[in-house]
Amino acid sequence: MSELISGVEAKRLLMATAGLAAIAMAVAVAWGAGMQAPPDGLTVLGRPVTGEQIARGREVYAQNCASCHGANLEGQPDWMRRLDNGRMPAPPHDESGHTWHHSDQDLFAITKLGVGGVVPGYESDMPAFAEILSDDEIAAVLAFVKSTWPERQRGFQAQVTANDEGGS
Ligand code: HEC
């Protein structure tokens with residue numbers, strides 16, 4: 001008996017629908033801009049990861065890391081075999097590599113200082129990004145990399161990070 005719905009009720013219904021549509025549109029715009037909701041509880045260097053940070057980290061990665069570590073974080077071909085110059089190729093940053101074996105603090109230091117900066121005397125093709133990226137950009141690229149890992153690797157790496165904070 002729709003003709004019995006009062007004008008007020010009809011208006012209220014219309015407004016509720018419009019509200020939902022507005023929310024749906026805002027979500028769609030965020031997704032369209034490449035925004036990705038961070039996995040539940042994901043942190044980087046002790047701070048909750050945001051969608052903006054992941055989006056920024058994805059760009060930083062594409063511009064600074066993909067040439068060696070792969071556009072899809074897959075690493076260089078045959079990455080476990082030492083190169084003729086005695087150095088190691090760039091490993092993957094996805095779950096098939098060992099990036100997730102390191103704490104946030106170590107990943108930050110390796111990216112900022114290079115592997116040679118963290119392990120004195122070690123010769124490596126991994127550049128130091130201290131002069132190229134800000135600390136925020138390094139945190140963002142790590143947030144992006146971490147956001148791609150499955151739950152098991154995220155959980156493991158969170159534990160390693162927590163142990164590292166304990167001062168080991
Ligand atoms: C010029 C090539 C090159 C670029 C560009 C590069 N890397 Fe690397 N990276 C390497 C190589 C080679 C290694 C392996 C070093 C070794 O074991 O000697 C490495 C290792 C690493 C490691 C240690 C991984 C592990 O499991 O031990 C991290 C973390 C890392 N890179 C992060 C980054 C990030 C983040 C960027 C971009 C901001 C980046 N790298 C850009 C070549 C590169």
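Biologist: Among contacts in the chain between residues at least 6 apart in sequence, what percentage join residues at least 24 apart?

Modeller: For this predicted model, 52% of those contacts join residues at least 24 apart.

Biologist: And how many helices and strands are there?

Modeller: The chain has seven helices and two strands. Going along the sequence, the order is α-β-β-α-α-α-α-α-α.

Biologist: What share of the chain is buried?

Modeller: Buried residues account for 20% of the 168 residues.

Biologist: OK, on to the core. Which residues in the largest nonpolar core touch the most other members?

Modeller: That core has 18 residues, and the ones touching the most other members are Ala 139, Ala 140, Val 141, Leu 142, Ala 143 and Phe 144. Helix H2 (51-64), H4 and helix H6 (135-147) each give two or more residues to the core. H6 provides the largest share, with eight residues.

Biologist: Is H6 mostly covered or mostly open?

Modeller: Mostly covered, with ten of its 13 residues buried. Lys 146 and Ser 147 are among the buried ones, along with residues including Ile 138 and Val 145.

Biologist: What do those buried residues pack against?

Modeller: The buried residues of H6 pack against S1, H2, H4 and helix H7 (151-165).

Biologist: How far does H6 reach from its first C-alpha to its last?

Modeller: It reaches 18 Å, close to the 18 Å expected for 13 residues at 1.5 Å a residue.

Biologist: Which residues of H2 are buried?

Modeller: Gln 53, Ile 54, Gly 57, Arg 58, Val 60 and Tyr 61. They pack against H3 and H6.

Biologist: Can we get down to residue level there? What does Val 141 touch?

Modeller: Leaving out residues up to four places away in sequence, Val 141 touches Gly 57, Val 60, Tyr 61 and Cys 65. Gly 57, Val 60 and Tyr 61 are also among the buried residues of H2.

Biologist: Let's take Ala 139 next. Why does it count as buried?

Modeller: Ala 139 has 23 other C-beta atoms within 10 Å, and the cut-off for buried is 20 or more, so it qualifies. It lies in helix H6, and apart from neighbours within four places in sequence it is in contact with Val 44 and Leu 45.

Biologist: How far apart are Ala 139 and Leu 45?

Modeller: They are 94 residues apart in sequence, but 7.4 Å apart in space, C-alpha to C-alpha.

Biologist: Where does Leu 45 sit?

Modeller: Leu 45 is in the loop between strand S1 (43-44) and strand S2 (47-48). Its backbone deserves a look, as Leu 45 has a positive phi of about 50 degrees without being a glycine. Most residues other than glycine have a negative phi. Leu 45 counts as partly exposed because it has 17 C-beta neighbours inside 10 Å.

Biologist: What is the phi of Asp 78?

Modeller: Asp 78 has a positive phi of about 55 degrees, and it is not a glycine either. You'll find Asp 78 in the loop between H3 and H4. With 9 C-beta neighbours inside 10 Å, Asp 78 counts as exposed.

Biologist: What about Ser 103, where is that?

Modeller: Ser 103 is in the loop between H3 and H4. With 19 other C-beta atoms within 10 Å, it is partly exposed. Beyond neighbours within four places in sequence, Ser 103 is in contact with Val 160, Thr 161 and Asp 164. Ser 103 and Val 160 are 57 residues apart in sequence and 5.3 Å apart in space, C-alpha to C-alpha.

Biologist: Changing topic to the ligand. Which residues come nearest?

Modeller: There are 23 residues around the ligand, and Cys 65, Cys 68, Ala 90, Ser 124 and Met 126 come nearest. Cys 65 is also one of the residues that Val 141 touches.

Biologist: Which helices supply at least two residues of that shell?

Modeller: Helix H3 (66-69) and helix H4 (104-113).

Biologist: And how does the shell split by class?

Modeller: It has 13 nonpolar, eight polar and two charged residues.

Definitions and conventions. Residues are numbered from 1 along each chain as its sequence is written. This is a predicted model: local features need pLDDT of at least 70, side-chain atom pairs count only at pLDDT 80 or more; totals for chains, interfaces and linings use all residues. A residue is near a molecule or strand if its C-beta atom, placed from the backbone, lies within 6 Å of it. Helices (H or I, at least four residues) and strands (E, at least two) are DSSP runs, numbered from the N terminus. Ala, Val, Leu, Ile, Met, Phe, Trp, Tyr, Cys and Pro count as nonpolar, Asp, Glu, Lys and Arg as charged, and the others, Gly among them, as polar. A residue is buried if 20 or more other C-beta atoms lie within 10 Å of its own, exposed if 12 or fewer, and partly exposed in between; C-beta atoms are placed from the backbone. Two residues are in contact if their C-beta atoms, placed from the backbone, lie within 7 Å. A nonpolar core is a set of buried Ala, Val, Leu, Ile, Met, Phe, Trp, Tyr and Cys residues joined through C-beta atoms within 7 Å. The expected span of a helix is 1.5 Å times one less than its number of residues.
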